[in-house]
Amino acid sequence: MKRSTSTATAVRPAPEASVDPTSTPTPAPGPTAVPRPRADAVRNRERILAAAREAFVESGSATPFDEVARRAGIGNATLYRHFPDRASLVHHVVLFTMGRVTASAEASLAEESDAFAALCRFTHAAADERIGALCPMLADGFDGEHPELLEARTVLEEAVVTLLTAGQAAGLVRTDIGAGDLMVALSQLSRPLPGIGCLDTDRFAHRHLQLFLDGLRAPARSELPGSAATLDDLRQKTM
């Protein structure tokens, strides 16, 4: 009796694909690029922030959205598309103002050959940016610990300290003041008095700021009471 034999079918490996040594390998797909906002959207956003800042200076951060939209020359829908609620608008107005003031400090130091002239240029530019309007907004339930705010504040403080230190190192600015003194005076002198209906205060603000700046010149003509105010002092009292 013959044993039946079964023939196993051999599994052959698949042929390797031929590779052209001269061909360029196809790159792996990278992350999808984030589209940049359109130019008109950027312009609308900046117009809204500038208009809101002016409205907040005059009437406080409770200014109706309708009024902000009117000042910006846009519709309410466009305003809400950028800033869905008041907290978002106030948050970004603060960041907008701080960013522009920081840019003024950096440009003043870079473009002025005289350190005291740089300090004067920055102070007047910061007043034009309505930096005095920040204080009421920061005190009105504002999230002072938001990471964006903390970063913007750090950059601004470094720029102001650098500017003031340059003037003191050059012997042009008295050394018994701190950056906190400068920021307090700037904030107070550039903010309109509440409830007086006097909105055209720019010409007074710049006169009084220059009087203050002249008092910073070295050598000092008097001895200041107390100690220099630092930026840490301001944070403990306002943030």
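Begin by colouring the chain by pLDDT, whose mean is 81, with 77% of the residues at 70 or more. Where pLDDT is low, the predicted coordinates should not be read in detail.

Next select helix H1, residues 39-59, whose 21 residues reach 30 Å from the first C-alpha to the last, close to the 30 Å expected at 1.5 Å a residue. Among the residues buried in H1 are Asn44, Arg53 and Phe56. After H1 comes Gly60, with a positive phi near 90°.

Move on to helix H2, residues 65-72, and show the side chains of Phe65, Val68, Ala69 and Ala72, which are buried. Seen down the axis of H2, these buried residues fall within an arc of 95°, so they line one face of the helix. Turn to the other side of H2 to find Asp66 and Arg70 exposed. To see what covers the buried residues of H2, display H1, helix H3 (76-82) and helix H4 (86-111), which are included in that cover. H2 is followed by Gly73, whose phi is positive, near 70°.

Finish at Gln168, which is placed in helix H7, residues 147-169. A polar atom of the Gln168 side chain lies 3.2 Å from the backbone oxygen of Arg174, and, leaving aside neighbours within four places in sequence, Gln168 is in contact with Val173, Arg174, Thr175 and Ile177.

Notes:
Residues are numbered from 1 along each chain as its sequence is written. This is a predicted model: local features need pLDDT of at least 70, side-chain atom pairs count only at pLDDT 80 or more; totals for chains, interfaces and linings use all residues. Side-chain values use heavy atoms; hydrogens and water are left out. pLDDT is the predictor's confidence in each residue, from 0 to 100. Helices (H or I, at least four residues) and strands (E, at least two) are DSSP runs, numbered from the N terminus. The expected span of a helix is 1.5 Å times one less than its number of residues. Buried means under 20% relative accessible area, exposed over 50%, partly exposed in between (1.4 Å probe, protein chains only). A polar contact is a pair of N or O atoms within 3.5 Å; within protein, one must be able to donate a hydrogen and the other to accept it, and residues adjacent in sequence count only if both atoms are side-chain atoms. Contact means heavy atoms within 4.5 Å. The arc is that of the directions from the helix axis to the C-beta atoms.
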